[in-house]
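Hello,

Here is the structure we talked about handing over. Please open it first, then read the notes below.

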Amino acid sequence: MIIFFKNSILNQSGLLLERCFKAFICADCRYCSDGPTVVMSGIQPSGRLHIGNYFGVISQLLELEAGKCQLYVSVADLHAMSVPRPPEELRHNVVSVTSGLLACGLGTGSRTALFQQSRLGQHSELCWMLGTLVTLPKLSRMSHYREKAALYRDGNVPLALLTYPVLQAADMLLYRARVVPVGEDQSQHLRLAHRLAELFNNRYSVSFFPLPKQLMSNWPRLKSLREPEKKMSKSQPSGCIFLDDSPDEICSKVKKAVTDSVGAVSFDPQLRPGVSNLIRIKAACTGTTVDDVLARCTGQDVAQLKSSLSEALVEKLKPIRLKYQALQKQPDQLKATLEDGVTKASARAEQTMLAFKRIVGSIDPAYYCLPSKRSPMGLLTLLVDTVLLILRWFTKGSALSVIVGESVESKKHLFDTTVKLWLLREEVNGGEDLAEVINRQHENVKYLPGIKLPKNIVASSDIALCVGDADILIMAVPQQFLAKTCENIVGKIKPTAIAVTTIKGIEVDEKRNMCVSSVIIQKILKIPVAALNGANIAPEVAEKHFCEATIGVQREQDGELLKQVFNIPTFHVNVVRDLHTVEYCGALKNVVACAAGLVDGLKFGTNTKSAVIRIGFLEMINFIKQFVGEPSMETFHESCGIADLIATCFSGRNRKVCEAFVQGGHTIEELEKELLGGQKLQGPYTAAQIYVALERRGLVDKYPLITTVHKICSQQWEPKKLIEILCSQK
C-alpha cells in the first residue's frame with residue numbers, strides 16, 4: 001500500500017511540557033504532535049548584560065537547551081529601536097549582548113538559533129498582519145505604553161511604542177513557541193499574544209498558533225544593590241553586577257550595597273529589602289534556596305554575608321568574563337554565530353509565514369516550494385502535493401489509511417486532504433475491482449471489513465496514476481514484493497519524495513548480506529526513507545484503540561514532517577534518529593512471535609511464553625548490535641521495541657499462524673491462505689533469511705531461538721524441539 005498527500009504545508013509546533021525544577025523542560029516527545037518543544041525568547045541590546053539577565057532568563061534558557069528543547073533567541077534590536085539610539089551605540093550593543101550570551105554558553109547547540117531580530121523581515125511582516133486583529137484602544141491601555149508615553153510630555157509618542165506588544169506577540173507566534181520565558185512585567189504582553197492567537201485561530205477555523213506558556217523565572221526582578229526597592233538596571237551601574245565585571249568591581253559593589261543597621265542576617269523583603277536582596281542573589285548564584293542560605297549564615301553578620309556573596313559571584317562569573325573578553329577579540333565568530341542563527345530561524349519563520357498566507361488567502365493554495373536545505377534544525381518549508389499509501393494485500397496498510405486520512409482531514413490548513421491508496425488489482429463481489437468498491441463504499445471489504453475508511457481516501461489499482469505527484473510514499477507491502485514494487489515506479493516519482501516503510505522484514509542478497517526495506521527502497525528509488533513501527537495491531541488501529549508508534553529517521557526534519565502525517569489523539573507517534581534499529585526491531589520481533597505461537601500450540605503457559613519473550617528480546621538486541629552497529633538503547637524502550645514485541649507475541653498473526661501450525665498438520669503456506677486470506681506471513685520468511693546469513697558467518701549457535709523458529713517453520717524440526725532448546729539454555 002502507498003499513501004499520497006496533495007498541496008499542503010506542514011508545520012511544526014511544540015510538545016507536551018513537564019514541570020521540573022520549577023521550569024518547563026522538554027518532555028520525551030512521546031505524547032506530542034510534532035518535534036521538540038519550541039522556546040522563544042528575546043533580549044534587547046540596550047547595554048551590557050548583568051546578573052539580573054543571567055539568573056532571570058539566560059540560566060533558564062541554558063536549562064531548556066540542555067533539555068533538548070529547540071530555542072529561538074533573538075537579539076531584539078527592533079524593540080530597542082522603539083527608543084531612538086545612535087547607530088554606533090546600537091551596533092555596539094548588538095555585539096555586546098551577542099558576546100554575553102555566547103559567553104554564558106547559549107547559542108552554541110545545534111537546536112539553538114541565536115540571531116539578530118531585524119535580519120528577519122518576517123517579524124515585521126507578521127506584526128503588521130497581527131495588527132489587523134487588535135484595536136487602537138486595546139493597545140493604548142497596555143501598561144508598557146502608558147508608562148513610556150508619559151515620558152513624552154509634548155504628546156509626540158512614537159508609533160513603535162504603541163505597537164511594541166504586537167511585535168512581541170509576532171516574535172512568539174512566528175516560531176509557534178510553546179514556552180516563553182518572560183518576567184512578571186511582561187505577563188500582560190503574553191496575554192495579548194494569547195488573545196491574538198485565539199482570534200486568528202477562531203477567525204479561520206484552524207489550530208495554527210499554539211498558546212505559549214509563560215515560564216516564570218526562579219529569580220525574577222533581582223534588585224539594585226544601591227536602591228534595593230528598585231529593579232537591578234544597567235542605568236544605575238553602581239547598583240548592578242555586570243557579567244564582565246572584574247573581581248575587584250564585584251567585591252566593591254557588593255561591599256557598598258545598601259543594607260541596614262541590624263547586624264544579624266535575616267530574610268524580610270518588606271523590612272530589610274537590602275539584606276533580603278543579597279540573600280536572594282546568593283541563593284541564585286549558588287543554585288540553592290533562601291532557606292539554605294539562611295541556614296549557612298547562622299551566626300554570621302551582614303558583612304560576612306557580603307564577603308561570601310562576593311566570593312560566590314566572582315567564582316560564578318569568572319568563566320563567563322574570560323569567555324566574554326576572548327569573544328571581543330573574535331568578531332568573525334560573533335558574525336558566524338548570528339549568520340548561522342539567521343539561517344536556522346529563517347527556515348521556521350518562512351514556513352510559518354507561508355502557511356499563514358495560505359490560511360488568510362494571500363497566496364494560492366497550490367503554490368509549490370521545494371524544501372530548503374539551509375537549516376539542520378527541523379522541518380522546513382515543504383508543500384506536499386500528495387501522500388500515497390502503497391499496499392499489497394495488507395490489513396496494516398488499510399488500517400494506516402484510517403489514521404492518515406483522519407490526520408490530514410483535521411489539518412486542512414496544512415494539507416490538501418486527498419490521500420491516494422494504491423493496491424494490487426483484486427476482484428471481489430463477483431468480479432468488481434476492490435479499488436472501486438473502496439471508493440464507493442469507503443470500506444476495504446476484503447482485508448478490513450466492517451471498518452469505514454475516511455472519505456478522503458481515493459483508491460486505485462493503477463500505480464502509475466498514483467505516484468506521479470506523490471511527495472510521501474508510505475510502503476506497506478510484504479518484504480518479498482518490495483523490490484519489484486519499487487522497480488515499477490522508478491522514473492515515475494518526484495526526486496524530492498520521501499518514503500516511509502512499515503515493512504517488517506529482512507532480505508538477504510545474492511552475497512548473503514542482510515538488508516532491511518529502507519536500504520532496498522533507497523537503493524532503487526534514490527530517495528530518503530523513514531520507518532514506522534510499533535505496538536499497533538491493525539484491527540485495533542482501525543478501530544481507534546489508543547496505541548503508540550515509533551518513526552525512525554536519518555534526517556531530523558523528516559521526523560518532524562512525518563509526525564504531522566500520522567499523529568492523532570489515538571495514534572501517538574514518537575520520533576528517533578535510529579532508523580535501522582527501528583526496522584530491525586520490527587523484523588526480529590515477528591520471529592520471536594512465531595516462537596510464542598509455537599509455545600501456545602504446544603499448550604505451554606504464560607511462564608514459558610514469558611521466557612521466550614525475554615530470550616528473544618536479548619537475541620534481538622545482540623543481533624542488532626552485531627549486524628547494525630551500536631544502537632541507541634533507548635530505542636528498544638520505544639513502541640517499536642519491547643512494546644511491539646509483547647503485543648505481537650500475544651495478538652499478532654505470526655503467533656496465530658504458528659499456533660495453528662503446531663495443532664493442525666498444515667504448512668505455513670497453507671495456513672496463510674486459510675487464516676490470512678492469502679496475506680504473507682513475515683516471521684518465518686524473516687527467520688529463513690536470517691538463518692542464511694548466520695550460517696554463512698558461522699553464527700547459528702549464537703542465536704538459538706531464531707534458528708529454532710526457522711528449523712520448525714521449514715519443517716526440518718518438530719515443534720517440541722523448541723522446548724528442548726529452551727531447557728538447554730545456559
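**A salt bridge to start with**

Lys-504 and Asp-644 form a salt bridge, with 3.3 Å between the closest N and O atoms. Keep in mind that this is a predicted model.

Where does this pair sit? The protein chain is divided into four parts: domain 1 (34-215), domain 2 (237-320), domain 3 (386-577) and domain 4 (589-728). Across the interface of domain 3 and domain 4, one salt bridge is found. There are also polar contacts: nine residue pairs between domain 3 and domain 4, both residues at pLDDT 80 or more.

**The side of domain 3**

The size of an interface is often given as the accessible area lost when the parts come together. For domain 3 and domain 4, that area is about 2,300 Å². Carbon and sulfur atoms carry 56% of it. Three residues stand out on the domain 3 side: Lys-504, Arg-512 and Met-514. Together they supply 26% of the area that domain 3 buries against domain 4, more than any other three residues.

The C-alpha centres of domain 3 and domain 4 are 25 Å apart.

**The whole chain**

Now step back. The protein chain has 730 residues, and 58% of them count as buried. Its secondary structure comes to 29 helices and 22 strands. Along the principal axes, the C-alpha atoms fill a box of roughly 95 × 60 × 45 Å. Take the contacts in the protein chain with a separation of 6 or more: residues 24 or more positions apart account for 75% of them.

Gly-107 is in the loop between α3 (87-103) and β7 (112-116). Is Gly-107 buried or exposed? Gly-107 counts as buried, because its relative accessibility is 11% and the cut-off is under 20%. Beyond its neighbours within four places in sequence, Gly-107 is in contact with Glu-65, Leu-102, Thr-112, Leu-114 and Thr-337. Leu-71 is 36 residues from Gly-107 along the chain, and their C-alpha atoms are 8.6 Å apart.

Asp-244 lies in the loop between β9 (213-215) and α9 (247-255). Which side chain does the side chain of Asp-244 meet in a polar contact? The partner is Arg-48, at 2.9 Å. Not counting residues up to four places away in sequence, Asp-244 touches Arg-48, Arg-321 and Tyr-324.

Arg-176 is in the loop between α7 (159-174) and β8 (179-181). Its phi is near 50 degrees, a positive value in a residue other than glycine. Arg-176 is also buried, with a relative accessible area of 0%.

His-442 lies in the loop between α15 (434-441) and β15 (457-460). Its phi is positive too, at about 55 degrees, although His-442 is not a glycine.

Best wishes

Terms used. Residues numbered from 1 in each chain as written. Predicted model: local features only at pLDDT ≥ 70, side-chain atom pairs only at ≥ 80, totals over all residues. Heavy atoms only, no water. Domains from an automatic or database assignment. Buried area = accessible area lost by both parts, 1.4 Å probe. Salt bridge = Lys/Arg side-chain N within 4 Å of Asp/Glu carboxyl O. Polar contact = N/O pair within 3.5 Å; in protein donor to acceptor, adjacent residues only side chain to side chain. Helix = DSSP H or I, 4+ residues; strand = E, 2+ residues; numbered from the N terminus. Buried < 20%, exposed > 50% of the residue type's maximum accessible area, 1.4 Å probe, protein only. Contact = heavy atoms within 4.5 Å.
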